[in-house]
Amino acid sequence: MSDKDQMKKGPGAATAATEIAVIEAESHGHTLEPDYKRLPIGPDHILYPVLVSLALVPILLGDAGHHLADDMPEDETHPFFPDHFWPYPIIAVLILVVVGLLAFYEQKNLQLEVSADPRTANIPRPDWYFLFLFQLLKLGPELIMFGVVPPAVVTVLLLFPFIDAIAGPRLAKRLRWKTWPVPGRNIYTGTAFVIGLGIVALLELWALAGPLSCVPWPLTGLVCGA
Amino acid sequence: MAIPHPRDIQLAVVNWLDERYPFTKAVDESMYQRVPNFANAFYYCFGGMVFILIAIQLLTGVLLSLYYVPDANGSPAAAYTSVNFIQNTVYLGWLIRGAHFWGANLLIIMVLLHMARVYWTGSYRAPRELNWMVGVIMLLLVLAFSLTGYLLPWDTKAYFATLVTIKLAGSLPPVQLGTFIKEILQGGPVVGPSTLQRFFTVHVFLLPALIVGLMYVHFRFIRAHGISEPL
């Protein structure tokens with residue numbers, strides 16, 4: 001470090017020459033934003049403690065591995081802070097506003113019914129996220145529709161990366177495809193996704209249509225909504 | 001004696017800290033790491049939105065627990081009365097309870113959207129299989145949160161919805177297993193005060209601890225793997 005550098009004033013000047021050299025020597029080969037492009041928030045800047053507190057999260061999360069951006073040309077990447085980070089505080093505020101407005105305008109929805117009394121007769125209807133499951137139960141023997149189908153679906157979901165990696169390339173070979181693409185570009189896994197969502201949506205709408213919307217069902221007779 | 005400039009004090013603190021842990025290096029490596037431009041697409045922020053929503057749920061949940069009483073004895077039960085009190089009497093109680101309720105609904109939507117994005121772009125593929133599995137387990141935890149939280153107000157619809165759930169879980173074969181599950185969930189011969197106590201404990205102690213732990217694992221994996229290839 002020359003005398004001229006030491007005379008430099010302003011944020012980041014104090015430790016720039018010594019600290020940056022250490023970083024370059026000890027970094028794990030990641031592409032970092034070059035020094036001259038960073039925000040001028042050095043260790044002597046009033047906002048530096050904010051950066052340190054943000055950095056506590058990655059300290060907890062351990063060292064980064066080799067990332068995709070490390071192998072990409074600079075004009076196809078951007079620095080995490082602030083270019084990639086800035087939308088999230090805004091999104092957080094927007095979510096708070098939406099949640100607050102819903103809480104304000106939908107207070108009637110949140111008023112309780114009468115206190116629970118086991119002696120009353122009541123036909124329960126689950127919340128929307130369990131409604132499709134509730135409808136599924138009516139389509140066959142309860143034991144299969146509750147004890148077999150949902151656990152099977154969850155197991156397939158849980159193991160899907162392995163199913164995709166083992167069965168996918170075999171199918172691709174049979175079809176004489178060069179690769180087995182991701183679901184977004186794959187007619188088989190992509191269609192399975194759309195059909196799965198379609199079944200859930202159909203069951204959900206059927207349940208929402210109400211107890212009068214009945215359809216004759218071969219397994220259990222007449223099946224109505226909830 | 002001259003008073004040191006606040007900047008010099010801060011610098012001394014930072015230098016002291018840096019000698020003990022490389023904070024400055026950590027700041028550089030985390031804040032200024034480069035991110036691929038394709039990660040700017042809107043559907044890459046669903047996971048971040050889930051994180052924000054879980055943070056809101058934890059915060060509002062703590063505030064609700066200041067007034068909530070997990071006691072289902074008597075009619076009307078103390079649990080019911082306390083929720084009514086939060087909703088109608090406590091200052092801004094309606095806002096905190098409403099935020100918890102709507103946050104939960106938005107959370108399920110965002111979790112499903114996040115999962116759909118990960119599936120669609122094939123981000124579950126090697127080396128990220130374990131993170132996908134952690135994510136599926138967290139989806140189940142979120143559903144368990146909804147299920148247990150639904151009973152806590154102890155009104156008619158909460159009670160009977162839980163009655164049906166427990167009856168279903170208790171119908172699993174063989175009979176001994178079904179009965180065992182039913183008794184574990186109910187904590188007694190009927191759905192009553194002990195059931196509420198159990199659902200409350202699971203909702204407030206067990207599940208938050210599990211989901212925070214798994215979120216840590218989830219983010220640690222993301223940090224190690226980086227963002228996945230674009231579609």
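Analyst: Two residues are in contact if their C-beta atoms, placed from the backbone, lie within 7 Å. This is a predicted model, in which local features need pLDDT of at least 70, side-chain atom pairs count only at pLDDT 80 or more, and totals for chains, interfaces and linings use all residues. Residues are numbered from 1 along each chain as its sequence is written, while chains are lettered from A and ligands numbered from 1 in the order in which they are written.

User: Which residues does B:Leu139 touch, not counting residues up to four places away in sequence?
Analyst: B:Leu139 lies in helix 6 (residues 129-151) of chain B, helices being DSSP runs (H or I, at least four residues) and strands likewise (E, at least two), numbered from the N terminus. Leaving out residues up to four places away in sequence, its partners are B:Val111 and B:Met115.

User: Is B:Leu139 buried or exposed, or in between?
Analyst: A residue is buried if 20 or more other C-beta atoms lie within 10 Å of its own, exposed if 12 or fewer, and partly exposed in between. Because B:Leu139 has 18 other C-beta atoms within 10 Å, B:Leu139 is partly exposed.

User: How do strand 1 of chain A and strand 1 of chain B run?
Analyst: Two strands pair if DSSP finds at least two bridges between them. Here three bridges join strand 1 (residues 77-79) of chain A to strand 1 (residues 34-36) of chain B, and the direction is antiparallel.

User: Which residue of strand 1 of chain B stands opposite A:Pro79?
Analyst: Looking across to strand 1 of chain B from A:Pro79, the residue opposite is B:Arg34.
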